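Subject: Structure handover

Hello,

Here is the structure for you to look at. My notes on it follow below.

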Amino acid sequence: MFKKSNQLFERAQQVIPGGVNSPVRAFKAVGGNPVFIASGKESRIYDVDGKEYIDYVCSWGPLILGHCHPEVMKALRGVLETGTSYGAPTEREVELAELICEAFPSIEKVRLTNSGTESTMAALRLARAFTERPMIVKFEGCYHGHGDSLLVKAGSGVATLGLPDSPGVPADLARLTLTCRFNDLPSVQRAFEQHGERIAAVIVEPVAGNMGCVPPQPGFLEGLRKITTDAGSLLIFDEVMTGFRLAYGGAQQRYGIKSDLTTLGKIIGGGLPVGAFGGRKDIMDRVAPHGPVYQAGTLSGNPLAVTAGITTLKILRQPGIYDTLESRARTLELGMIQIANEANVSVTANRVGSMFTLFFTPRAGGSPPKRPDQGMGMLVTDWQSAKHSQVEKFGSFFREMLQKGVYLAPSQFEAGFLSTAHSDADIQETIHVAQQVFAGWGRRN
Ligand code: KE4
């Protein structure tokens with residue numbers, strides 16, 4: 001098992017930093033070597049040693065229709081015959097932009113990019129230009145791509161001037177990013193009391209996925225909307241992960257909040273590289289060439305990528321898609337909680353729609369769980385509580401599930417995803433496999 005993957009990993013590390021083209025893929029958070037994938041089909045992926053897995057990463061969210069969806073593949077084959085890229089406007093990118101504006105009422109105009117990172121970088125530049133203010137607010141545990149202003153961690157305390165979260169990020173730039181606590185409006189109020197008139201925007205994952213899945217507490221997003229409006233700052237919803245995932249209109253449809261700018265990615269490319277940033281017309285009209293704020297991209301709006309995106313969104317518009325995703329994800333969540341409780345394994349689960357995380361947190365104490373969706377573990381509502389997770393336990397769980405043919409996100413602090421290709425049988429098989437893993441833990445303890 002994993003023989004060819006291990007050989008490829010050795011080879012990859014000679015020519016690619018860490019042997020991977022994105023750090024989380026290296027399995028450093030869970031131990032062991034990454035498996036190299038040879039193919040995917042519906043809810044399954046197959047590694048280079050021929051082992052089959054039920055896939056809950058779905059390329060980190062884009063493949064909400066599963067691997068090799070027949071209509072997406074047919075559309076790609078069709079456009080491939082006409083060419084791959086022109087560096088000139090095409091009808092398809094207008095169609096994708098129209099679909100996005102139709103799905104998100106807060107998006108009156110949208111610019112397509114090649115990744116989520118490009119989109120959030122551009123959205124920050126645009127917000128700074130529009131407000132003529134230099135500072136940004138982000139949240140601990142939220143990730144918005146690898147743009148310099150966003151690779152920043154909290155300073156001495158929360159809502160203090162930021163410090164670089166990676167070598168190479170200039171301290172002078174990091175100081176312009178304030179880091180507050182997710183689900184903690186007072187920390188945002190403090191930031192605005194101290195720096196309000198200098199804050200261009202607040203950027204937030206409306207449902208956090210990058211500390212594991214953490215939903216907004218009631219009133220949190222509404223509070224951000226009010227604070228930013230009152231201060232003349234912009235509210236940026238980073239919906240790269242949640243856009244078209246939580247609902248056809250993303251988190252803003254689910255929670256009924258309109259942001260000034262929205263960033264998108266992942267699903268809108270249907271598995272090919274597409275990102276986007278969009279929002280109010282008066283803001284977006286500042287973007288070159290209409291306005292002075294520069295943003296560009298050789299392959300932005302690429303015909304292949306937008307075709308995969310258009311086909312995906314048109315399928316997602318069909319009635320019932322999100323209800324099915326919700327119901328299957330709920331079955332998985334309840335099943336995992338039930339078998340963990342039965343096996344006396346302390347976990348807590350966070351889920352919004354078909355995006356979820358099983359946190360291996362210490363026992364919460366107090367009375368035993370009462371609700372079927374309540375595990376024994378401490379709740380996770382922000383980065384501080386997420387950090388209580390017993391990551392070694394998650395690592396063992398990940399490796400044993402992998403051995404048994406279930407491919408989870410290789411980090412406790414990531415979200416897992418379901419696709420429309422995941423069947424009821426897949427869900428039951430996953431629960432059964434987890435039950436075997438927990439039973440093994442019981443025998444060992
Ligand atoms: P990309 O540049 O990776 O397309 O998008 C960056 C980004 C922006 N905003 C949010 C909310 C995101 O989740 C992401 C990227 N998500 C990660 C998963 N945690 C991508 C996986 C990876 O980095 O390899």
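First, a term: a polar contact is a pair of N or O atoms within 3.5 Å; within protein, one must be able to donate a hydrogen and the other to accept it, and residues adjacent in sequence count only if both atoms are side-chain atoms. The model is predicted, so local features need pLDDT of at least 70 and side-chain atom pairs pLDDT 80 or more, while totals for chains, interfaces and linings use all residues. Residues are numbered from 1 along each chain as its sequence is written, and side-chain values use heavy atoms, with hydrogens and water left out.

**T113**

T113 sits in strand 4, residues 109-113 (strands are DSSP runs of E, at least two residues, numbered from the N terminus). A polar atom of its side chain is 3.1 Å from the backbone oxygen of S115. T113 is buried, at 1% relative accessibility (buried means under 20% relative accessible area, with a 1.4 Å probe and protein chains only). Residues that T113 touches include E118, P273, F277 and S300 (contact means heavy atoms within 4.5 Å).

**The ligand**

The ligand is surrounded by 16 residues (each has a heavy atom within 4 Å of it). S22, T117, N210, D238 and E414 are the closest. The side chain of T117 has an N or O atom 2.7 Å from a ligand oxygen. The protein buries 85% of the 540 Å² that the ligand exposes when taken alone (Shrake-Rupley method, 1.4 Å probe).

Best wishes

Note on methods: Helices (H or I, at least four residues) and strands (E, at least two) are DSSP runs, numbered from the N terminus. Buried means under 20% relative accessible area, exposed over 50%, partly exposed in between (1.4 Å probe, protein chains only). Lists of a residue's contacts leave out its neighbours within four places in sequence.
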